[in-house]
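Hi there,

Here is the structure I promised to pass on to you.

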Amino acid sequence: MLGLLLALPLSAQKAKRQIQPAQQKAKTTKVDKKTQLRREKAETERQRKLQQQRAAQLNKNIRSNLDSLLILDNQISRQHLSIDSLTTETNQLQAQIDTLERELTRLKKQLQLRKKRYARALVAQRKQKSIQQRLTFIFSASNLPQLLRRMRYIREYTTYQRAQGELIKQKQAEVEGTQRQLMDTRTRMQTSLNRMQEHQKQLEDIKASCQSKAAFLNKNLATVQQQIKDYQKKEQALSDQIDRLIQEEIEAERKRRAEEKAKREAAERARREAAERQAQAQANANTNAKNNKRKTSKSSTKSTKTTTPVTSPAPSDNGPLSKSFSANKGRLPMPATGACSIVGHYGNYNVSGLRGVTLNNKGIDIRTQSGASARAIFDGKVSSIFEYGGTYIVMLRHGNYISVYSGLRSVSVQKGQTVSTREPLGTVGTDSEGRSTLHFQLRNESTRLNPEHWIR
């Protein structure tokens with residue numbers, strides 16, 4: 001019994017020692033699972049943020065490459081125009097060179113012929129050069145008239161020889177002048193060819209860069225199309241807002257003109273009624289004989305007064321200003337200051353190198369330098385200023401024509417203000433990537449126009 005009593009505490013302690021490690025092991029396992037879950041959650045969050053960063057970077061690269069591709073596409077168009085212009089110039093210079101070469105050949109032949117004739121005449125003159133021979137020829141005449149004729153012949157022959165010498169000098173000068181002109185033309189042609197080769201090399205470099213960017217964009221075409229779709233949704237919303245404001249502006253202008261017309265007509269009626277009352281009062285105050293004369297006089301006066309306002313009504317706003325604006329088609333200044341280039345063309349167009357990507361633009365997009373200003377393309381009046389999407393939009397009226405300047409960070413004009421050509425309207429805004437773009441539209445009332453046909 002005593003042994004059993006002594007053994008029980010020992011066995012209990014042993015069992016307790018066996019239970020404690022198991023409990024500790026369970027607790028440790030539980031802690032490890034929580035730590036693992038926290039680690040997995042942190043890793044998942046890290047991967048999610050990494051994916052977001054990669055997607056953001058990809059979108060940024062796509063926007064950058066698409067923007068660069070649009071700029072390069074515009075540069076390619078300008079390079080083609082430059083090369084076409086140089087080609088035309090070179091062809092004209094080549095035609096001029098061919099003409100000059102034919103003229104030079106003709107002049108050289110004439111010069112050689114004159115030299116040969118002059119040489120023969122000199123040889124013949126040397127044979128009869130002595131004064132004695134000339135005197136013998138003169139005084140051997142059988143009578144006086146023959147003597148006079150021989151003297152005149154000697155003088156005329158000498159004059160002819162001198163004239164031939166002068167003609168040879170003139171022809172020589174013509175040949176030398178044509179040769180100089182030919183050399184100058186060839187030099188200009190060589191310069192033109194060198195410039196053409198330089199433009200051609202630049203064009204090839206631009207095309208190579210364009211192909212690399214297009215390859216990257218085609219690789220991510222779905223994202224590109226989605227970005228373009230989102231961008232065009234914003235542009236469509238902006239265009240709808242501009243359309244609504246332009247319609248309001250047109251309606252306000254129509255009402256204003258109608259009110260002015262009504263005022264002119266009311267003033268005209270008042271003048272007529274006053275003239276009639278005055279004529280009636282004078283007719284009642286005078287005798288019948290004088291009344292008839294005065295009626296005739298007043299009738300002519302009345303006729304003059306009634307016709308004068310009709311023949312010279314107040315000019316409407318769309319008269320001379322509208323004609324002046326349309327007369328300057330193709331010569332209006334760029335609506336932005338500093339160096340700038342068109343990166344978005346008017347209407348529907350495809351981007352070179354991109355498959356199935358079509359852009360639609362209600363105006364043009366002009367890439368400017370940072371801090372550049374939008375400026376009026378012609379004399380006009382500020383008809384509207386409003387804010388949209390964190391930027392400002394300014395509308396100018398030029399008679400029947402309306403110009404729209406969108407994407408301004410700040411505005412330096414007020415509604416109703418009269419502005420002149422090239423006057424600053426505000427500062428072009430800059431996006432998060434440091435790009436400054438002015439969206440420009442041009443209307444003839446509600447009809448959209450291609451601004452590229454109007455500006456230089």
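**Aromatic rings**

Let's start with Y401, which counts as buried at 8% relative accessibility (buried means under 20% relative accessible area, exposed over 50% and partly exposed in between, with a 1.4 Å probe and protein chains only). The rings of Y405 and F440 have their centres 5.2 Å apart and their planes at 55°, so this pair is tilted. Rings of Phe, Tyr and Trp (its six-membered ring) pair if their centres lie within 6.5 Å, and planes under 30 degrees apart count as stacked, over 60 as edge-to-face and the rest as tilted. The pair links distant parts of the chain, with Y405 in strand β8 and F440 in strand β11, 35 residues apart. Helices (H or I, at least four residues) and strands (E, at least two) are DSSP runs, numbered from the N terminus. Both Y405 and F440 are buried.

Before you go on, please keep in mind that this is a predicted model: local features need pLDDT of at least 70, side-chain atom pairs count only at pLDDT 80 or more, and totals for chains, interfaces and linings use all residues. Residues are numbered from 1 along each chain as its sequence is written, and side-chain values use heavy atoms, with hydrogens and water left out.

How many aromatic pairs does the structure hold? There are five aromatic pairs. One of them is F325 with Y401, a stacked pair with 4.6 Å from centre to centre and 25° between the planes. F325 lies in helix α6 (residues 320–327) and Y401 in strand β8 (residues 401–411), so the pair ties together parts that are 76 residues apart in sequence. F325 is buried, with a relative accessible area of 0%. F325 and Y401 also belong to one aromatic cluster with F378 and W454.

**Nonpolar cores**

F325 and Y405 turn up again here. The largest nonpolar core has 27 residues, and F325, I377, L396, Y405, L425 and L438 are those with the most contacts inside it. (A nonpolar core is a set of buried Ala, Val, Leu, Ile, Met, Phe, Trp, Tyr and Cys residues joined through side-chain atoms within 4.5 Å.) The elements that give two or more residues to this core are β4 (364–368), β7, β8, β10 (424–428) and β11. A second, separate core has eleven residues, including L217, V224, I228 and L359.

Leaving aside its neighbours within four places in sequence, L438 is in contact with residues including P335, I364, Y405 and V428 (contact means heavy atoms within 4.5 Å).

**Salt bridges**

The structure holds eleven salt bridges (a side-chain nitrogen of Lys or Arg within 4 Å of a carboxyl oxygen of Asp or Glu). In one, the side chains of D243 and R448 meet at 2.8 Å, N to O. D243 lies in helix α4 (residues 221–285) and R448 in strand β12 (residues 447–449), so this pair ties together parts that are 205 residues apart in sequence. R448 is partly exposed, with a relative accessible area of 29%. D243, R443 and R448 are linked in a network of salt bridges.

R397 forms another salt bridge, with E445, and the closest N and O atoms are 3.6 Å apart. R397 sits in strand β7 (residues 391–398) and E445 in the loop between β11 (436–444) and β12, 48 residues apart. Are R397 and E445 buried or exposed? R397 counts as buried at 9% relative accessibility, and E445 is buried at 19%.
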